[in-house]
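User: I have a model open and would like to go through it with you. Can we start once it is on screen?

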Amino acid sequence: SVMCRALEKKELISIEKIRKEPTLDNLKVNTIRKSINLTKAQKKVANTIMIPIKNQDHAAFLLHGVTGSGKTEVYMHLAKEIEKLNKTSIILLPEIALTPQIAGRFYSTFKDRVAVWHSRMTVTERNWIWRQICDGKYSVVVGARSAVFAPMKNLGLIVVDEEQESSFKQQSPAPRYHARDVALVRAKLSRSVAILSGATPSLESFYNQFKGKLEYLKLSSRFGNAVYPKVHVVDLKREWKERENYSIILSQLLSEKIADRLDKKEQIILLQNRRGFSPVLMCDNCDQVQMCNNCHIALTFHKSENKVKCHYCDDVHSFPLVCGECTGALRLGGTGTQKVEEVLLRMFPGVKCLRMDLDTTRKKGSYTAILEKFSSGQYDILLGTQMIAKGLDFPNVTLVGVVNADTGLFLPDFRAGERTFQLIYQVAGRSGRGDKPGEVIIQTSHPNDPAINFASQLDIENYYMICMDEREELMYPPFSWMVRLELTGLDKERVQLRAMNLAKDLQGKTKLFEIIGPAPCPLERIRGRFRYQVILKSRKDLDKNGQELRKFLALFFRQIDRKHERSGIKINLDVDPVSLL
């Protein structure tokens, strides 16, 4: 550059600055529908939502649409009608993986009037798009949770798609906001309409529509000629026993169905919600599980790199030759996406399989590239973690397999069952979305668990009623306001002592709220810091808007001793936590 400047001074060359603007051309995924032709049910929903928009009134809706019912088409129609009124729209999505396909559909309709906003963008792209939004260039912004703050002028509509997803909650760093709640508040302040939408609404939204805080709308049938898939449940325990092989990953039924679809040139989606090759490395001699030194979390073996990784602090090590405790030999346990991929390639030689997990989507543009390859029919199988379970629409997919439905089912969190149900229900909805009928195979060791049983029957109403009864009995959300106080520090005993004193202090200050703990967090140590938690619950029937709890916390934290900060112990306050892990 110095030489160029010198040549410029001698007037031998001229240097011109050309601004390269970000483009959405790479979002043109093959499954884009060129025209928006709504069904009668979709038109009815859209017309109901347009009434307050035309009247410039605020309204909040819960749009409960079964998978494949065409919710995206409704958003597009609304955004188009709103644009005619010189108003703008924000569409929030839970996963970056959904952005290429759904943003691609919006791009086919709105062209340069739609912007995309997510965490994989560069700082330059963010700055450029932010300036363009401020200048009023866009009619629609499609993006992840932070897009809820986009400075859109004359806002008419905010949609929170798959509103039950925990990724809408900003966990760290502060502020720990939930984009769903921010959307509702922003819509109220701007006298616009908010739509919370999904095939499996959160229990909080399910509860709020019962209480009349949200107006309930439903799309109960699939778009076009598509019908709901036939679901089969495979009991893995019985399969292992009958075949006398406890290392089976793909059951006989799932293997046969995969072979059948490959013969028919139809496509398959397989869900395994664990990345890597083997989630557990165990010693044959002392049964010691190899743990991360920073987090005390089991290390995961990644065969493609021949490394072991911690999925919490991202620490990477060479594969240990022997056990660190007794120098015994190590064996691999559990199943990750890499292991499933290896089994598929061994069982079906020549099969074209795409793996979609955090490891294969780190590079910019990788989401779009993977979805484009699968959409164009270049690949037979899309294998991935939960990022493939929601929002994706591939008409040629006629088989969905859940390799192990038990993953995450027994985590020590009161929402574990709800999340498992939602994940299975959602991924089942990826099958049979075109004219060809679909099937779903769910492999599980616990076929009678309510979450798996009702998900296999695609019965959301009965499962949610069971959940509501359990939550009310235990006074968990949505029947209470919850606050989580997380204490972290490098010295375990000091963190524990501080947590005990904090809980005792809280108990002495109030009898209005239930105080649980202190207790170690289920993931007790992450990145070298020990973690304890104290939980506060306030009954909604006694504290309608949570004002009493907020007042108490504001007063309490002004009064407590701040010495813990100087001692290296931090207290993180999380209102309405989405996870207690």
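User: How many bridges join strand 2 to strand 5?
Analyst: 5 bridges join strand 2 (residues 88-92) to strand 5, and the two run parallel. Helices (H or I, at least four residues) and strands (E, at least two) are DSSP runs, numbered from the N terminus. Two strands pair if DSSP finds at least two bridges between them. One of the facing pairs is Leu92 with Val160 of strand 5.

User: Before going on, what sort of model is this?
Analyst: This is a predicted model: local features need pLDDT of at least 70, side-chain atom pairs count only at pLDDT 80 or more, and totals for chains, interfaces and linings use all residues. Residues are numbered from 1 along each chain as its sequence is written, and side-chain values use heavy atoms, with hydrogens and water left out.

User: Is strand 5 buried or exposed?
Analyst: Buried: 7 of the 7 residues of strand 5 (residues 155-161) are buried, so the strand is largely enclosed by the rest of the structure. Buried means under 20% relative accessible area, exposed over 50%, partly exposed in between (1.4 Å probe, protein chains only).

User: What is Leu155 in contact with, leaving aside neighbours within four places in sequence?
Analyst: Thr88, Ser89, Ile90, Arg186, Ser190 and Ser192. Contact means heavy atoms within 4.5 Å. Leu155 belongs to strand 5 and counts as buried at 6% relative accessibility.

User: What is the strand order in that open sheet of 7 strands?
Analyst: The order is 3-4-2-5-6-1-7, with parallel pairing. Strand 3 (114-117) and strand 7 (215-219) are the edge strands, each pairing on one side only. From one strand to the next, the twist averages 20°. At the strand 3 end, strand 3 pairs with strand 4 (residues 140-143) over 4 bridges, in the parallel sense; Trp117 stands opposite Gly143.

User: Which helix lies across strand 5?
Analyst: Helix 3 (residues 71-84), which runs at about 170° to strand 5 and also lies across other strands, including strand 1 (59-65) and strand 7. Axes are lines fitted to C-alpha atoms, for helices over the stretch in contact, and angles run from 0 to 180 degrees between N-to-C directions.

User: New topic. What is the order of the open sheet of 6 strands?
Analyst: That sheet has the order 8-18-17-9-16-15, again with parallel pairing. Strand 8 (230-235) and strand 15 (353-356) each have a single partner strand, so one side of each is left without a neighbour in the sheet. The twist averages 15° from one strand to the next.

User: Which helix touches strand 8 and strand 18?
Analyst: Helix 8 (residues 236-243), packed on the sheet with its direction at about 55° to that of strand 8. Helix 11 (residues 366-375) also packs on the sheet, and its direction makes about 150° with that of strand 15.

User: What covers the picture for strand 9, buried or exposed faces?
Analyst: Both faces are covered: Gln267, Ile269 and Leu271 on one side and Ile268 and Leu270 on the other are all buried. Strand 9 pairs with strand 17 over 5 bridges, in the parallel sense, with Gln267 partnered by Val397. 4 bridges join strand 9 to strand 16, also parallel.

User: Which residues touch the most other members in the largest nonpolar core?
Analyst: Ile269, Met356, Leu382, Ile388, Phe394 and Phe421, out of 45 residues. A nonpolar core is a set of buried Ala, Val, Leu, Ile, Met, Phe, Trp, Tyr and Cys residues joined through side-chain atoms within 4.5 Å. Helix 12 (residues 416-428) gives the most to this core, with 6 residues. Another core, of 32 residues, lies apart from it and has Tyr107 and Phe110 among its members.

User: Last one: how many disulfides?
Analyst: A search of the whole structure finds 0, a disulfide being a pair of cysteine sulfur atoms within 2.5 Å. Cys292 is buried, at 2% relative accessible area.
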